[in-house]
Amino acid sequence: AVATEIGLQVPVIKSADQLNILELQEQIKEFTEKARQNKLNLDDVSNGTFTINNTGALGSIIGKAIIYPGQAAIINTESIQKRPIIINDKIDIRSIMNICLTFDHRIMDGLEASKFMHAVKIELQSIHNNFTD
């Protein structure tokens with residue numbers, strides 16, 4: 001979703017499941033620019049199945065969104081915060097981000113949703129580790 005002068009606009013990235021996270025980032029950047037220029041067309045905002053909502057951009061650390069009608073799920077990415085955590089019995093300070101998923105049980109069950117969230121976590125940690133190594 002992109003906040004614009006004319007209101008919230010929600011572009012749809014087609015075949016997002018076939019893109020890696022960096023390709024998704026590029027698509028999001030392109031759609032954000034297009035939305036802010038008020039150049040989205042009907043095809044750009046139709047047939048969504050899953051929404052990504054970055055409430056963390058406004059400072060939220062935990063949220064729960066309601067699924068848009070006709071979609072399967074919505075995921076909130078929250079703000080990144082430094083927190084103490086225990087690793088190998090030692091306290092360390094790490095950047096932590098809550099990710100919250102709301103999903104329609106008529107479309108998927110909790111096991112599928114949990115596996116998806118685990119895959120998202122692993123992918124984000126992998127990307128973070130690649131940038132910090």
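I started at Asn88, which lies in the loop between β4 and β5. Helices (H or I, at least four residues) and strands (E, at least two) are DSSP runs here, numbered from the N terminus. This is a predicted model, in which local features need pLDDT of at least 70, side-chain atom pairs count only at pLDDT 80 or more, and totals for chains, interfaces and linings use all residues. Residues are numbered from 1 along each chain as its sequence is written, and side-chain values use heavy atoms, with hydrogens and water left out.

**Entry 1: the turn**

I looked up the backbone of Asn88. Its phi is positive, about 55 degrees, although Asn88 is not a glycine. Most residues other than glycine have a negative phi. Asp89 lies in the loop between β4 and β5 too. Phi of Asp89 is near 65 degrees, again a positive value in a residue other than glycine.

Asn88 is exposed because its relative accessible area is 71%. Asp89 is at 77%, so Asp89 counts as exposed.

**Entry 2: the strands**

I then followed the hairpin, which β4 and β5 form with two residues between them. The two strands pair in the antiparallel sense over 13 bridges. Pairing requires that DSSP finds at least two bridges between two strands. Thr77 has Ile99 in β5 as its bridge partner. Ile74 stands opposite Thr102 in β5.

Phe50 has Ala73 in β4 as its bridge partner.

**Entry 3: the whole chain**

I stepped back to count elements. The protein chain has two helices and five strands. From the N terminus on, their order is β-β-α-β-β-β-α. The C-alpha trace spans about 55 × 35 × 25 Å along its principal axes. The chain has 133 residues, of which 26% count as buried.

I also checked contacts, meaning heavy atoms within 4.5 Å. Of the contacts with a separation of 6 or more, 40% come from residues 24 or more positions apart.

**Entry 4: the core**

Which residues make up the largest nonpolar core? I list seven: Ala72, Ala73, Ile75, Leu101, Phe103, Met108 and Ala113. Such a core is a set of buried Ala, Val, Leu, Ile, Met, Phe, Trp, Tyr and Cys residues joined through side-chain atoms within 4.5 Å. β4 (73-87) and β5 (90-103) each supply at least two residues of this core.

I took Leu101 and left out residues up to four places away in sequence. Leu101 touches Phe50, Lys64, Ala73, Ile74, Ile75, Ala113, Phe116 and Met117.

I turned to Asp104, in the loop between β5 and α2 (110-132). Asp104 counts as buried because its relative accessible area is 12%. Beyond residues up to four places away in sequence, Asp104 touches Ile67, Gln71 and Ala72.

Lys14 sits in the loop between β2 (7-9) and α1 (21-36). Its relative accessibility is 37%, so Lys14 counts as partly exposed. Leaving aside neighbours within four places in sequence, I found Lys14 in contact with Asp43 and Ser46. Lys14 and Asp43 are 29 residues apart in sequence, and 9.8 Å apart from C-alpha to C-alpha.

**Entry 5: the second largest pocket**

Last, I looked for open space. A pocket is an open set of points on a 1 Å grid over the protein atoms alone, with protein on both sides within 12 Å along at least five of seven lines, and its lining residues have an atom within 4 Å of a point. The second largest pocket has a volume of about 250 Å³. Volume here is the space filled by probe spheres set on the points, which are joined across faces, edges and corners.

I counted 15 residues lining this pocket. Ala1, Val10, Thr51, Tyr68 and Gln71 lie nearest its centre. How does the lining divide? Nine residues are nonpolar, six are polar and none is charged. I counted Ala, Val, Leu, Ile, Met, Phe, Trp, Tyr, Cys and Pro as nonpolar, Asp, Glu, Lys and Arg as charged, and the others, Gly among them, as polar.

Terms used
Buried < 20%, exposed > 50% of the residue type's maximum accessible area, 1.4 Å probe, protein only. 1 Å grid on protein atoms, 1.4 Å probe; cavity = no way out; pocket = protein on both sides within 12 Å on 5 of 7 lines; lining within 4 Å.
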